[in-house]
Amino acid sequence: MKQPEVEHAPGAEPDPVDVRLGARLAELRAEHGWSLGELAERSGVSRSTLSRAERAETSPTASVLNRLCAVYGRTMSRLLSEVEAEPALLVRSADQPLWEDRAAGFTRRSVSPPHAGLRGELVEGRLTPGADIAYDRPPVPGLEQHIWVLEGALEVTAQDVVHDLGTGDCLRLRVWGPTRFRCAGPADARYALAVVLP
């Protein structure tokens with residue numbers, strides 16, 4: 001079912017976020033060297049909708065943004081972070097987004113969230129004993145990761161190779177396929193994950 005576009009009222013100034021988002025979408029298409037027609041074929045979004053979104057005549061729906069993110073190989077949070085204002089130089093602990101998957105025994109703190117103009121981000125992960133998290137693919141193929149164990153022991157599987165990491169150990173890799181993070185020890189595993197876009 002097609003989701004309606006959110007049109008701006010005639011003569012009204014478009015939302016500044018929509019203007020920055022439209023400009024970023026146009027930049028991404030130019031970086032790939034695609035015409036509007038080529039992007040429409042790849043994304044399944046009509047050429048007119050793409051054109052109007054790039055010119056900030058409409059506010060793209062979540063469905064449209066999701067299709068474009070899939071084509072451009074980025075998460076929606078990454079795309080939206082790319083259109084924010086200048087990144088804050090200091091990210092206070094209280095402002096670092098925290099996400100928990102209690103059933104899986106996993107806590108993720110975004111210490112240095114992704115932002116336009118910054119290629120890296122920093123995450124703190126914590127796994128409870130027995131926690132086992134599997135990812136079927138990276139959000140961006142070739143993503144560079146540095147996994148530094150701060151406390152406990154962590155087992156990381158990448159490219160069918162199991163790496164046993166103890167406190168202070170650091171695993172460096174580019175992620176092309178599935179990965180798995182497991183805490184087999186008697187105590188929590190706490191680690192820092194530095195992520196750098198290719």
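In which crossing, left-handed or right-handed, does helix 1 pass helix 4?

**Figure 1. Overview of the chain.** The predicted chain contains five helices and twelve strands. Along the principal axes, its C-alpha atoms fill a box of roughly 65 × 35 × 30 Å. The chain has 198 residues, of which 38% count as buried. Among contacts between residues at least 6 apart in sequence, 64% join residues at least 24 apart.

**Figure 2. Packing of helix 1 against helix 4.** Helix 1 passes helix 4 in a left-handed crossing. On the side of helix 1 the contact is formed by Leu21, Leu25, Leu28, Arg29 and His32, and on the side of helix 4 by Leu65, Leu68 and Tyr72. By class, these contact residues are six nonpolar, one polar and one charged. The two axes lie 11 Å apart, at an angle of about 30 degrees. Angles under 35 degrees count as roughly parallel, and helix 1 and helix 4 are therefore roughly parallel to each other.

**Figure 3. Aromatic pairs, with tryptophan 34 and tyrosine 72 in close-up.** A pair of aromatic rings is described by the distance of the centres and the angle of the planes. Four aromatic pairs are counted in the model. In the pair of tryptophan 34 and tyrosine 72, the ring centres are 5.8 Å apart and the planes stand at 15 degrees, so the pair is stacked; the cut-off for stacked is under 30 degrees. Tryptophan 34 belongs to the loop between helix 1 (16–32) and helix 2 (36–43), while tyrosine 72 belongs to helix 4 (residues 62–72), so the pair ties together parts that are 38 residues apart in sequence. Tryptophan 34 and tyrosine 72 are both buried. Elsewhere, Tyr135, Phe181 and Tyr191 are linked into a cluster by ring pairs.

**Figure 4. Crossing of helix 2 and helix 3.** The axes of these helices come within 9 Å and cross at roughly 115 degrees. That angle makes helix 2 roughly perpendicular to helix 3. The crossing of helix 2 and helix 3 is right-handed. Helix 2 contributes Leu36, Gly37, Leu39, Ala40 and Ser43, which meet Arg47, Leu50, Ser51 and Glu54 of helix 3. Four nonpolar, three polar and two charged residues make up this contact.

**Figure 5. Alanine 56, a loop residue with positive phi.** Alanine 56 is a residue other than glycine with a positive phi, near 60 degrees. Its loop runs between helix 3 (47–54) and strand 2 (58–59). Is alanine 56 buried or exposed? The relative accessible area of alanine 56 is 6%, and the cut-off for buried is under 20%, so alanine 56 is buried.

**Figure 6. Aspartate 160, a loop residue with positive phi.** The phi of aspartate 160 is near 60 degrees, again a positive value in a residue other than glycine. Aspartate 160 sits in the loop between strand 8 (154–158) and strand 9 (161–165). Its relative accessibility is 78%; exposed means over 50%, so aspartate 160 counts as exposed.

Definitions and conventions. Residues are numbered from 1 along each chain as its sequence is written. This is a predicted model: local features need pLDDT of at least 70, side-chain atom pairs count only at pLDDT 80 or more; totals for chains, interfaces and linings use all residues. Side-chain values use heavy atoms; hydrogens and water are left out. Rings of Phe, Tyr and Trp (its six-membered ring) pair if their centres lie within 6.5 Å; planes under 30 degrees apart count as stacked, over 60 as edge-to-face and the rest as tilted. Helices (H or I, at least four residues) and strands (E, at least two) are DSSP runs, numbered from the N terminus. Buried means under 20% relative accessible area, exposed over 50%, partly exposed in between (1.4 Å probe, protein chains only). Axes are lines fitted to C-alpha atoms, for helices over the stretch in contact, and angles run from 0 to 180 degrees between N-to-C directions. Angles under 35 degrees count as roughly parallel, over 145 as roughly antiparallel, 65 to 115 as roughly perpendicular and the rest as oblique. A crossing is left-handed if the near helix is turned anticlockwise from the far one by less than a right angle, and right-handed if clockwise. Contact means heavy atoms within 4.5 Å. Ala, Val, Leu, Ile, Met, Phe, Trp, Tyr, Cys and Pro count as nonpolar, Asp, Glu, Lys and Arg as charged, and the others, Gly among them, as polar.
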